[in-house]
Amino acid sequence: METMFTEVFGTGYGIGQALFKATPLIIVGCGLAFCFQASLFNIGAEGQLNLGVFGMSIVAYVFDDSLGLLVVPVAIICGFLLSAFWGLIPAYVKIKRGVSEVITTIMLNFISLALINYLLIEFLAVKSTVRTEKILDYVSIPQLSNYFEIFQGSSVNLTFIFAIILALVTHLIFYKTRFGYKLRAVGLNPKASKYLGINSDRMTVISFMIGAGITSLVGLNFVFGYKSYYEYGFSNNIGFTAIAVTLLAKNNPIGIIFTSLLFGVMDYGGLAVNTIVPKEIMLVFQALVILSILSFDRLVKIYYLKES
């Protein structure tokens with residue numbers, strides 16, 4: 001463990017890599033929180049984010065020469081809408097047919113990844129690869145090392161700052177707006193919320209579409225800030241890891257920042273010591289950390305209740 005923490009915190013490069021790993025978790029965690037706040041267990045983030053990032057990268061490549069810098073917002077909007085559409089499907093099926101969103105989002109993960117694989121291999125991939133063409137360099141998001149030399153060599157970019165702002169805005173939406181109040185009311189008690197005049201079906205659609213759309217913003221970190229193209233399998237189960245991140249933070253966007261940083265440290269730390277510690281050991285370590293935090297939280301609650 002000492003070696004792991006030295007690798008992460010001993011250099012600016014290590015810290016930068018941990019921040020880079022945490023960035024997509026913050027973004028996807030905020031997206032998932034929209035559904036979880038409404039008691040909708042969306043586990044389809046892996047498929048939603050892949051579809052959005054794939055669409056974003058295709059639009060960016062096709063139009064980067066003709067639209068100039070405008071290609072960035074256009075690509076972001078297209079990716080967002082594509083992921084939002086994918087989030088609309090389980091919401092519609094749940095409302096119209098009463099099918100659990102757990103089942104539909106699981107299946108949609110497989111469908112979206114298979115669809116992307118087909119389109120890539122048959123039409124869009126660079127020969128002998130599983131990636132799209134690169135976008136032009138001038139539309140790339142700058143690295144943080146351009147402003148803070150300590151991060152020199154690491155992949156962390158301005159998307160990390162954007163992810164922090166996104167979490168703060170999401171927190172304000174949840175706890176300072178009428179929409180957030182309705183969202184949480186539906187999540188706490190759907191039947192009681194109807195007596196307050198809240199349309200729970202509409203909230204289901206909105207929360208699924210916004211939540212899924214937000215997951216596509218991972219493309220800012222990977223496509224515009226790192227590789228400059230979409231690569232099949234790039235997400236490496238971020239959509240599933242973000243579920244643990246969000247639940248550990250109790251769906252609180254500010255908490256998501258800290259749990260994402262924790263996972264970012266463990267993720268990069270595991271890679272840094274991969275030559276001396278098997279990957280499976282690091283997975284066990286991560287599980288123990290999660291269980292310890294949950295147990296501590298439970299103990300505090302029990303102690304607090306006893307005291308009160």
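**Ser-260**

I started with Ser-260 and looked up what it touches. Skipping neighbours within four places in sequence, I found Ser-260 in contact with Ala-22, Leu-25, Ile-26 and Val-245 (contact means heavy atoms within 4.5 Å). Ser-260 sits in helix α12; helices are DSSP runs of H or I with at least four residues, strands are runs of E with at least two, and both are numbered from the N terminus. Ser-260 is buried, and its relative accessible area is 0%. Buried means under 20% relative accessible area, exposed means over 50%, and partly exposed is in between, using a 1.4 Å probe and protein chains only.

**Ground rules**

I noted that this is a predicted model, where local features need pLDDT of at least 70 and side-chain atom pairs count only at pLDDT 80 or more, while totals for chains, interfaces and linings use all residues. Residues are numbered from 1 along each chain as its sequence is written, and side-chain values use heavy atoms, with hydrogens and water left out.

**The whole chain**

Next I zoomed out. I counted 13 helices and zero strands in the protein chain. Along the principal axes, the C-alpha atoms fill a box of roughly 55 × 50 × 35 Å.

I also wrote down that 46% of the 308 residues are buried. Of the contacts with a separation of 6 or more, 76% are between residues 24 or more positions apart. The accessible surface is about 15600 Å², and 65% of it belongs to carbon and sulfur atoms; areas come from the Shrake-Rupley method with a 1.4 Å probe, and for residues only the protein chains shown count as cover.

**The largest pocket**

What volume does the largest pocket have? I got about 820 Å³. Of its 28 lining residues, the closest to the centre are Lys-21, Ser-235, Asn-236, Asp-267 and Leu-271. The elements giving two or more residues to this lining are α2 (12-37), α10 (218-227), α11 (238-248), α12 (253-272) and α13 (279-307). Helix α12 gives the most, with six residues.

For the method, I noted that a pocket is an open set of points on a 1 Å grid over the protein atoms alone, with protein on both sides within 12 Å along at least five of seven lines, and that lining residues have an atom within 4 Å of a point. Grid points are joined across faces, edges and corners, and the volume is the space filled by probe spheres set on the points.

Most residues other than glycine have a negative phi, so I went looking for exceptions. Ser-228 has a positive phi of about 75° although it is not a glycine. Ser-228 belongs to the loop between α10 and α11 and is buried at 8% relative accessible area. Asn-251 is not a glycine either, and has a positive phi of about 65°. I found Asn-251 in the loop between α11 and α12, and at 15% relative accessibility it counts as buried.

**Gly-12**

Last stop: Gly-12, in helix α2. Gly-12 counts as buried, at 13% relative accessibility. Not counting residues up to four places away in sequence, Gly-12 touches Ile-150 and Phe-151.

Conventions: 1 Å grid on protein atoms, 1.4 Å probe; cavity = no way out; pocket = protein on both sides within 12 Å on 5 of 7 lines; lining within 4 Å.
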